[in-house]
Amino acid sequence: EIKEQYRYNYIQYQSASIKNVNILDYKLKNNFNLIKKKFFYKKNNNHLPSVNIYLSKNSLNYFKDEAPDSNKNWQRAILKKDEEEVGISIRPRGDNPANWALSKKSWKMKIRKKNFNGGTRTFLYVSPRINDNLGIDFYSSYLISKELGLLTPNIRFVELYLNGFNQGYYYEIEETDENFLRNNNMMPVNIYKGENYYVDFKIDIADNLFNNSALWTKKSNFNQRNRDNKDDLDLHLKKLKSFGNGSLDIDTLYEYFPLEKWAKEFLTGGNNHT
């Protein structure tokens, strides 16, 4: 436990650490609660939809012992739906220690290609934040976004079971990738993800996301362009930079980035899911 305390709080991944968490105290309380739940937990039928995932002990130990680098590597697992077992791949989501260092982790899961029959292939299972009013703030931003007609991933509350143990309630969120676009009757276009911190930190590259397209990776690719082509992103960033230095007026900016759309994003708290 002392070793974990050191790893999670003092080994730096671009300043990533769990602030003010005593790992030994946390583990003792967590184990006590597990014992209490085992003896006093009463089953009832008023549960959220359940998601049952079975993962080998070796894979769980690998994620724990090699974190956060192991979080980029998929491990095979089984998703049990009713009486059917579906082959999946799974890994912890994100390299922020708040996502993987504690007992309740966030996960990313995808159905293996040979088991995929259409629909949504990749899901995020996100542990709600403590200060998120039981998850309502985050959840409602998705619902409002859909009501306003914005392209929005599906989301629902679920109970996650890992190897038969109830992990509590989670957000189940549809991944924004090529399948997401097809499910919304859109042809695959470029969807970019910008990230330059923790394990993904790029050495000797200017770290401002809005000045450097090299910091962005594609989650979905426009199939008429080479996957390495980022001309559209370069143009977007150029427009924003020109507005920032005063060489592009605000009316021209809003012709390129419609004001109505951005206003809706801000009204919904859309920075949670865009």
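## Contacts, helices and a pocket in a predicted chain

Residues 24 or more positions apart account for 52% of the contacts in the chain with a separation of 6 or more. Contact here means heavy atoms within 4.5 Å. This is a predicted model, in which local features need pLDDT of at least 70, side-chain atom pairs count only at pLDDT 80 or more, and totals for chains, interfaces and linings use all residues. Residues are numbered from 1 along each chain as its sequence is written, and side-chain values use heavy atoms, with hydrogens and water left out.

The chain has nine helices and nine strands. Both kinds of element are DSSP runs numbered from the N terminus: helices are H or I with at least four residues, strands are E with at least two. Of the 274 residues in the chain, 38% are buried. Buried means under 20% relative accessible area, exposed means over 50%, and partly exposed lies in between (1.4 Å probe, protein chains only).

Helix H5 covers residues 136-147. Its twelve residues should span 16 Å at 1.5 Å a residue, and its end C-alpha atoms are 16 Å apart, which agrees. The expected span is 1.5 Å times one less than the number of residues in the helix. Which residues of H5 are buried? They are Phe138, Ser141, Tyr142 and Ser145. Seen down the axis of H5, these buried residues fall within an arc of 95°, so they line one face of the helix. The arc is that of the directions from the helix axis to the C-beta atoms. An α-helix has 3.6 residues a turn, so residues three or four places apart point the same way. The buried residues of H5 pack against strand S6 (155-162), strand S7 (165-174) and helix H9 (259-268). After H5 comes Gly149, with a positive phi near 80°.

Helix H7 has 14 residues, 231-244. At 1.5 Å a residue it should span 20 Å; its end C-alpha atoms are 20 Å apart, in agreement. Leu233, Leu237 and Ser242 are the buried residues of H7. They cover an arc of only 165° around the axis, which puts them on the same side of H7. Their cover includes strand S8 (191-194) and strand S9 (216-220). Gly246 follows H7, and its phi is positive, near 90°.

Phe210 sits in the loop between S8 and S9. At 46% relative accessibility, Phe210 counts as partly exposed. Leaving aside neighbours within four places in sequence, Phe210 is in contact with Trp216, Leu237 and Leu240. Of these, Leu237 is one of the buried residues of H7. Phe210 and Leu240 are 30 residues apart along the chain, with their C-alpha atoms separated by 7.7 Å.

### The second largest pocket

A pocket is an open set of points on a 1 Å grid over the protein atoms alone, where a 1.4 Å probe fits, with protein on both sides within 12 Å along at least five of seven lines; lining residues have an atom within 4 Å of a point. The second largest pocket has a volume of about 440 Å³. It is lined by 22 residues, and Leu79, Lys80, Lys81, Val86 and Ile111 lie nearest its centre. Strands S1 (50-54), S2 (75-81), S3 (84-92), S4 (107-111) and S5 (122-126) each give two or more residues to the lining. What is the largest share of the lining, and where does it come from? It is four residues, from S3.

Ile111 belongs to strand S4. It is buried, with a relative accessible area of 11%. Not counting residues up to four places away in sequence, Ile111 touches Val86, Gly87, Ile88, Phe116, Thr120 and Arg121. Ile111 and Ile78 are 33 residues apart in sequence and 9.3 Å apart in space, C-alpha to C-alpha.

Most residues other than glycine have a negative phi.

| Residue | Phi | Place | Relative accessible area |

Key. Grid points are joined across faces, edges and corners, and a volume is the space filled by probe spheres set on the points.
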